[in-house]
Amino acid sequence: MKNEHGHYFEESIEALASRLIQFEATSAERVNQSADYCCDWLRSHGLGVDVYVNQGLKSVVATVGEGESTLILNGHLDVVPGQPELFAPRTADGRLYGRGSYDMLGAVASMMVLMAELVKNPPDCKVILALVPDEETGGELGSGFLVQQGILGDLVICGEPTNFKIGVHAKGILQLKVDVKGKAAHGSRPWLGKNAILKAMEHYQSIISMDVFQESTTYFKQPSINLAKIQAGKVYNQVPDFCSMGIDIRYLPGQNPDEIMDQIRALLPDAEIKVEFQGRPVETKSDDQFVRKLCEVATQLAGDQVILFGQDGSADTRFYAAKGVPAVEFGPVGANHHGPDEYVDIHSLYVYKDILRELTKNSKTKGE
């Protein structure tokens, strides 16, 4: 059957994406239901599929083709929570609306349809589709686990929402819990105590004034710091004797998180500092041969000169980058991910599939 975009396939990409949206994959149970559906769908289209279960969460890995190079297509099935009406997909003006349509179930549907097409028209390389359950909550149980199992390649494309731009760099993550002690006193006599909240605010100002947070790179103006949590005080008539801050630091590729922590601890010797979470940055080379090919193909098929950029946030690319594997964020066109009017441009889903298809042709090894 030929759809309105001129492509032959028994199921349209937008129909498949709509089905994935309806799973409302915001819990382990619903994510696993979506994974089971994807597994059955891929197998019914002739693909060999393995299911990996890690701490109760399922990852689906499908493989097609042979060759000296391996392309990994990485997509996450989980989405952020939302109102029930956001999981009722609708189309209007060439757009597919719904929670996860842009981030990133549209891209997942494009990848799945591509894999089914590659069964009938084998690629010149090995293509692995990895559908994972927990990118929105950290990724360690999905992509992180698959990387530990040795599922690696020569280029990884995470289909995150990028409007056909290619994210080659991403900031690292350093999330801290900073506990500050003060001295309690009656609220009417604050001079008799030491206000832990005020002391914590002074510490925060000292951190954001550090030289390391004024540095820049080709893709980033500077690191970012967010005072994300603060817990202190119990009653109005008491000077608080304890304050706990949660600070989210996104540091630049090339910066050393251990050195950043050493500087912070030296700056705040009277505070108790704990690293709650740490994630590596991504620094894929723009002149990597596979990245260059992606740029060429995307420019040719998407119609505009592709832009390389640095991603402020974090994605599952970081797990591959930690193993030295070139990994990029690259996805179709849309807007408002995690928002009430999230949508993906339907035509871009087909262009996206065609770009990925071209990448599988005449692939070479790293030593070309």
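How much space lies in the largest pocket? About 520 Å³. Welcome to this predicted model, in which local features need pLDDT of at least 70, side-chain atom pairs count only at pLDDT 80 or more, and totals for chains, interfaces and linings use all residues. Residues are numbered from 1 along each chain as its sequence is written, and side-chain values use heavy atoms, with hydrogens and water left out.

**Pockets**

- A pocket here is an open set of points on a 1 Å grid over the protein atoms alone, where a 1.4 Å probe fits and protein lies on both sides within 12 Å along at least five of seven lines; lining residues have an atom within 4 Å of a point.
- A volume is the space filled by probe spheres set on the points, which are joined across faces, edges and corners.
- The largest pocket is lined by 24 residues, and E135, E136, G313, S314 and A315 are the closest to its centre.
- Strands β9 (172–181) and β14 (308–311) are the elements that give two or more residues to the lining of the largest pocket.
- The lining of the largest pocket has 10 polar, 9 charged and 5 nonpolar residues.
- The second largest pocket holds about 300 Å³ of space, and among its 18 lining residues R280, P281, V282, E283 and A321 are the closest to its centre.
- In the lining of the second largest pocket there are 9 nonpolar, 5 polar and 4 charged residues.

**Nonpolar cores**

- A nonpolar core is a set of buried Ala, Val, Leu, Ile, Met, Phe, Trp, Tyr and Cys residues joined through side-chain atoms within 4.5 Å, and buried means under 20% relative accessible area with a 1.4 Å probe, protein chains only.
- The largest nonpolar core has 62 residues, of which L42, M112, I157 and F330 touch the most other members.
- Helix α3 (residues 101–120) gives the most to this core, with 13 residues.
- Leaving aside residues up to four places away in sequence, M112 touches L16, L20, C38, W41, L42, L129 and L131, where contact means heavy atoms within 4.5 Å.
- Another core lies apart from it, with 22 residues that include L174, L176, A196 and I247.

**Helix α1**

- Helices are DSSP runs (H or I, at least four residues), as are strands (E, at least two), numbered from the N terminus.
- Helix α1 (residues 13–22) is mostly covered, with 7 of its 10 residues buried.
- Those buried residues are I13, E14, L16, A17, S18, L20 and I21, and they pack against α2 (28–44), β5 (95–97), α3 and α9 (346–359).
- Just after α1, E24 takes a positive phi of about 50°.

Key: Buried < 20%, exposed > 50% of the residue type's maximum accessible area, 1.4 Å probe, protein only. Nonpolar A, V, L, I, M, F, W, Y, C, P; charged D, E, K, R; others polar.
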